[in-house]
Amino acid sequence: MADTQQVDQKAERKVARLAKQIGTFAKAHGGAEGQVAHIGERGARIVLVGEDGGWGDLVAPSTEIARQAVEKAGITVHESFDGEFAAKVQTGAYEWKRMAGIQVGG
(Lines give C-alpha, C1' and ligand atoms only; values in the text may rest on other atoms or scores of the structure.)
Protein backbone atom coordinates (compact mmCIF):
# COMPACT_ATOMS: atom_id res chain seq x y z
CA MET A 1 0.00 0.00 0.00
CA ALA A 2 2.82 2.41 0.84
CA ASP A 3 4.41 1.81 -2.57
CA THR A 4 1.19 2.79 -4.34
CA GLN A 5 0.95 6.01 -2.36
CA GLN A 6 4.58 6.82 -3.12
CA VAL A 7 4.03 6.29 -6.87
CA ASP A 8 0.83 8.36 -6.79
CA GLN A 9 2.59 11.20 -4.97
CA LYS A 10 5.44 11.12 -7.47
CA ALA A 11 2.96 11.22 -10.37
CA GLU A 12 1.04 14.08 -8.75
CA ARG A 13 4.25 16.08 -8.36
CA LYS A 14 5.12 15.45 -12.02
CA VAL A 15 1.62 16.53 -13.12
CA ALA A 16 1.91 19.70 -11.04
CA ARG A 17 5.38 20.48 -12.43
CA LEU A 18 4.26 19.98 -16.04
CA ALA A 19 1.08 22.02 -15.48
CA LYS A 20 3.19 24.86 -14.08
CA GLN A 21 5.50 24.74 -17.13
CA ILE A 22 2.48 24.73 -19.46
CA GLY A 23 1.01 27.69 -17.59
CA THR A 24 4.28 29.61 -17.84
CA PHE A 25 4.41 28.96 -21.59
CA ALA A 26 0.78 30.05 -22.00
CA LYS A 27 1.39 33.25 -20.05
CA ALA A 28 4.47 34.09 -22.13
CA HIS A 29 2.64 33.50 -25.42
CA GLY A 30 -0.77 35.07 -24.77
CA GLY A 31 -2.44 31.71 -24.19
CA ALA A 32 -1.79 28.24 -25.51
CA GLU A 33 -3.32 25.12 -26.98
CA GLY A 34 -1.81 21.66 -26.97
CA GLN A 35 -1.80 18.12 -28.23
CA VAL A 36 -0.71 14.96 -26.41
CA ALA A 37 1.00 12.20 -28.43
CA HIS A 38 2.21 8.82 -27.19
CA ILE A 39 5.91 8.38 -28.02
CA GLY A 40 6.47 4.80 -26.92
CA GLU A 41 8.42 3.72 -23.86
CA ARG A 42 9.60 7.30 -23.35
CA GLY A 43 6.05 8.40 -22.48
CA ALA A 44 4.10 11.19 -24.13
CA ARG A 45 4.92 14.45 -25.86
CA ILE A 46 2.92 17.57 -25.08
CA VAL A 47 3.12 19.95 -28.04
CA LEU A 48 2.24 23.53 -27.13
CA VAL A 49 1.31 26.31 -29.54
CA GLY A 50 0.95 29.85 -28.23
CA GLU A 51 -1.55 32.41 -29.45
CA ASP A 52 1.41 34.33 -30.87
CA GLY A 53 2.51 31.34 -32.97
CA GLY A 54 5.37 30.35 -30.67
CA TRP A 55 5.66 26.67 -29.98
CA GLY A 56 7.42 24.20 -27.76
CA ASP A 57 7.05 20.77 -26.27
CA LEU A 58 7.41 18.83 -23.05
CA VAL A 59 7.81 15.12 -22.41
CA ALA A 60 5.79 13.34 -19.72
CA PRO A 61 6.56 9.84 -18.42
CA SER A 62 3.11 8.61 -19.50
CA THR A 63 0.13 9.63 -21.58
CA GLU A 64 -2.04 9.70 -18.45
CA ILE A 65 0.31 12.13 -16.68
CA ALA A 66 0.44 14.31 -19.81
CA ARG A 67 -3.36 14.40 -20.05
CA GLN A 68 -3.70 15.26 -16.37
CA ALA A 69 -1.13 18.05 -16.74
CA VAL A 70 -2.86 19.74 -19.69
CA GLU A 71 -6.19 19.44 -17.92
CA LYS A 72 -4.75 20.97 -14.75
CA ALA A 73 -3.19 23.78 -16.79
CA GLY A 74 -6.58 24.49 -18.34
CA ILE A 75 -5.52 24.69 -21.98
CA THR A 76 -7.47 23.51 -25.01
CA VAL A 77 -6.26 20.08 -26.12
CA HIS A 78 -6.53 18.83 -29.70
CA GLU A 79 -6.74 15.17 -30.69
CA SER A 80 -4.32 15.63 -33.59
CA PHE A 81 -1.77 18.13 -34.81
CA ASP A 82 -3.37 19.22 -38.06
CA GLY A 83 -5.64 21.78 -39.67
CA GLU A 84 -6.17 25.13 -38.02
CA PHE A 85 -4.19 24.10 -34.96
CA ALA A 86 -1.02 23.27 -36.95
CA ALA A 87 -1.46 26.42 -39.04
CA LYS A 88 -1.02 28.55 -35.88
CA VAL A 89 2.65 27.57 -35.61
CA GLN A 90 5.02 30.25 -36.83
CA THR A 91 8.46 29.05 -37.82
CA GLY A 92 11.43 31.24 -38.36
CA ALA A 93 14.76 31.04 -40.14
CA TYR A 94 16.23 28.86 -37.39
CA GLU A 95 13.62 26.14 -37.81
CA TRP A 96 13.86 26.18 -41.61
CA LYS A 97 17.65 25.95 -41.43
CA ARG A 98 17.45 23.02 -38.99
CA MET A 99 14.89 21.19 -41.13
CA ALA A 100 17.01 21.72 -44.26
CA GLY A 101 20.08 20.46 -42.40
CA ILE A 102 18.29 17.29 -41.39
CA GLN A 103 17.22 16.68 -44.99
CA VAL A 104 20.75 17.01 -46.36
CA GLY A 105 22.38 15.05 -43.54
CA GLY A 106 23.52 18.04 -41.47
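This report describes the sheet, the packing of the helices and the nonpolar core of one predicted protein model.

The model is predicted, so local features are reported only where pLDDT is at least 70 and side-chain atom pairs count only at pLDDT 80 or more, whereas totals for chains, interfaces and linings use all residues. Residues are numbered from 1 along each chain as its sequence is written, and side-chain values use heavy atoms, with hydrogens and water left out.

**The sheet**

An open sheet is built from 4 strands in the order β3-β2-β1-β4, with mixed pairing. Its edge strands, each of which pairs on one side only, are β3 (55-60) and β4 (76-78), and the twist from one strand to the next averages 25 degrees. Helices (H or I, at least four residues) and strands (E, at least two) are DSSP runs numbered from the N terminus, and two strands pair if DSSP finds at least two bridges between them. Strands of a sheet pair through backbone hydrogen bonds, either parallel or antiparallel.

Strand β1 (residues 32-38) pairs with strand β2 (residues 44-50) in the antiparallel sense over 7 bridges, and β2 pairs with β3, also in the antiparallel sense, over 6 bridges. Each of these pairs forms a hairpin: β1 and β2 have 5 residues between them, with glycine 40 in the turn at a positive phi of about 90 degrees, while β2 and β3 have 4 residues between them, with glycine 53 in the turn at a positive phi of about 95 degrees. Some of the bridge partners are set out below.

| Residue | Bridge partner | Strand of the partner |
|---|---|---|
| histidine 38 | alanine 44 | β2 |
| glycine 34 | leucine 48 | β2 |
| arginine 45 | valine 59 | β3 |

Strand β2 is largely enclosed by the rest of the structure, because 6 of its 7 residues are buried; buried means under 20% relative accessible area, exposed over 50% and partly exposed in between (1.4 Å probe, protein chains only).

**Helix packing and the core**

Helix α2 (residues 63-73) packs on the sheet, where it touches β1, β2, β3 and β4, and its direction makes about 170 degrees with that of β1. Such angles run from 0 to 180 degrees between N-to-C directions, with axes fitted as lines to C-alpha atoms, for helices over the stretch in contact, and contact means heavy atoms within 4.5 Å.

The largest nonpolar core has 17 residues, and those with the most contacts inside it are Ile22, Ile46 and Leu48. Two or more residues come from each of α1 (2-28), β1, β2, β3 and α2, and α1 gives the most, with 5 residues. A nonpolar core is a set of buried Ala, Val, Leu, Ile, Met, Phe, Trp, Tyr and Cys residues joined through side-chain atoms within 4.5 Å.

Not counting residues up to four places away in sequence, isoleucine 46 touches Ile22, Gln35, Val36, Gly56, Asp57, Leu58, Ala66 and Val70.

**Individual residues**

Glutamine 35 lies in strand β1 and is buried, with a relative accessible area of 10%. Apart from neighbours within four places in sequence, the contacts of glutamine 35 include Arg45, Ile46, Val47, Val77, His78 and Phe85.
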